[in-house]
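Me: I would like to learn how to read the features of a protein model. Could we go through one step by step?

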Amino acid sequence: MQSWSDTAVPPVPGRGPALRLYDTSDRQVRPVTPGPTATMYVCGITPYDATHLGHAATYLTFDLVNRVWRDLGHDVHYVQNITDVDDPLFERANRDGIDWVDLGQREINLFREDMAALRVLPPRDYIGAVESVGEVVEVVDKLLASGAAYIVDDPQYPDIYFRTDATEQFGYESGYDHETMQRFFAERGGDPDRPGKRDPLDALVWRAARESEPSWDSPHGRGRPGWHIECAAIALNRIGAEFDVQGGGNDLIFPHHEFSAAHAEALTGVRRFAKHYVHTGMIGLDGEKMSKSRGNLVFVSKLRAAQVDPAAIRLGLLAGHYRTDRAWTDDVLAEATSRLDRWRRAVQRGAGPDAAPTIERLRQHLADDLDTPKALAAIDAWAADSLDGLGSVASAPADLGAAVDALLGVPLTDTGAEGSPIVLTDSESR
């Protein structure tokens, strides 16, 4: 699968403190401890609609993780999937009278354009569910062989399910009680009432072929992957178990991340699929979570078409802390646009206050669980002093501009509403 164009990250002298992030499973902020290569898996889109601001907020969060790690001197192996075969895609394609493959490709292309415009650093591996079917078949076979999965007794549709009790630690990632699990499972793509299941919470890993649905060969008959097993297989085959960060929105905590972790742990015998489980809050509009089902979406592509600078979109989403549910409003965008203008005017001065203390504060705030509100406030203070004519350090504007670009992904030279040119690259050839 093609990724999007990379973005140059300017070097910044010095180094900040080690990154600390809130871990969902431990319910606390604690240090992230990668080796020379930091590893991260972030769940990607199901491409049946355009990129909305909820998506963008999630991918910007993990872009900050990527940037902080790079600033600390780590190589970063970042993996992201695309669920390009799933029920919502088929339903939307049928509604619109378009082939599901064409719909998926159209929306994937638009997503890549949006990510490039927002200056999100691309994943090293960008993998579609369709291209990973063979990997899923292999791990499903292993789960069956170990007894962690079973085939339902249904001659017409012999689906394969993962046993919820296949790992002793099931439930540690979310920490939810059984009642909450049941509710979210039913609301978020589970099938608790499927006849033949041993437990209502058991999760589908291989869906036997149905009429008018795509399917692939496997030793147990034609079918297609379940949702959670897709991510487990893709991550295991590229960065292995016990990688540094698994990320996504907080609506993925259960069932998706709980089960992808359980699948991988049953396959490998490790205690934890990821060392850190990191989740973002939801973006709301008019008092409700932004979602396709509610139809209250603000699309990145439409903002770009309206000549909104992607850097302003980025600043608007970074104005709130990544773990909080927060609203997108006209005022949020107006303040972000004004902030971007102030910052750019400040760095256009020939001199300014010494940037080193501000860069130090920027690094400290980002290292503290990505505290972007404080990070932006630190830059605001420097910009205000600069615009007031304070400071005479000739190198300060360039130093501050490089740090904001490298760490926040915000260029302080005006790139226009469309940002840098978009060039697609083949992530698999890297």
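Me: How many bridges join strand β5 to β6, and do they run parallel or antiparallel?

Reply: Strands of a sheet pair through backbone hydrogen bonds, either parallel or antiparallel. Here strand β5 (residues 75–82) and β6 run parallel and are joined by four bridges. Two strands count as paired if DSSP finds at least two bridges between them; strands (E, at least two residues) and helices (H or I, at least four) are DSSP runs, numbered from the N terminus. This is a predicted model, in which local features need pLDDT of at least 70 and side-chain atom pairs count only at pLDDT 80 or more, while totals for chains, interfaces and linings use all residues. Residues are numbered from 1 along each chain as its sequence is written, and side-chain values use heavy atoms, with hydrogens and water left out.

Me: Which sheet holds these strands, in what order?

Reply: An open sheet of five strands, ordered β6-β5-β4-β11-β12, with parallel pairing. Its edge strands, each pairing on one side only, are β6 (125–128) and β12. Neighbouring strands are turned by 20° against each other on average, direction ignored. Axes are lines fitted to C-alpha atoms, for helices over the stretch in contact, and angles run from 0 to 180 degrees between N-to-C directions. Helix α7 packs on this sheet and touches β11 and β12, and its direction makes about 155° with that of β11. Contact means heavy atoms within 4.5 Å.

Me: What is the order of the sheet with antiparallel pairing?

Reply: Four strands form that open sheet, in the order β7-β8-β9-β10. Strands β7 (149–151) and β10 (223–225) are its edges, each pairing on one side only. The twist averages 25° from one strand to the next. Within the sheet, β8 (residues 160–162) and β9 (residues 203–208) pair over three bridges, and tyrosine 161 has leucine 204 in β9 as its bridge partner.

Me: At what angle do the axes of α4 and α7 cross?

Reply: Helix α4 (residues 133–146) and helix α7 (residues 253–268) have axes that come within 10 Å and cross at roughly 65°. The two are therefore roughly perpendicular; angles under 35 degrees count as roughly parallel, over 145 as roughly antiparallel, 65 to 115 as roughly perpendicular and the rest as oblique. Val139, Lys142 and Leu143 of α4 make the contact with His263, Ala266 and Leu267 of α7.

Me: How do α12 and α13 pack?

Reply: Helix α12 (residues 372–387) and helix α13 (residues 396–408) pack at about 165°, their axes 12 Å apart. That makes them roughly antiparallel. From α12, Leu376, Ile379 and Trp382 meet Ala396, Pro397, Leu400, Val404 and Leu408 of α13.

Me: How many aromatic pairs does the structure hold?

Reply: A pair of aromatic rings is described by the distance of the centres and the angle of the planes. The structure holds 14 aromatic pairs. Among them, phenylalanine 243 and phenylalanine 273 have ring centres 4.9 Å apart and planes at 85°, so this pair is edge-to-face. Rings of Phe, Tyr and Trp (its six-membered ring) pair if their centres lie within 6.5 Å; planes under 30 degrees apart count as stacked, over 60 as edge-to-face and the rest as tilted.
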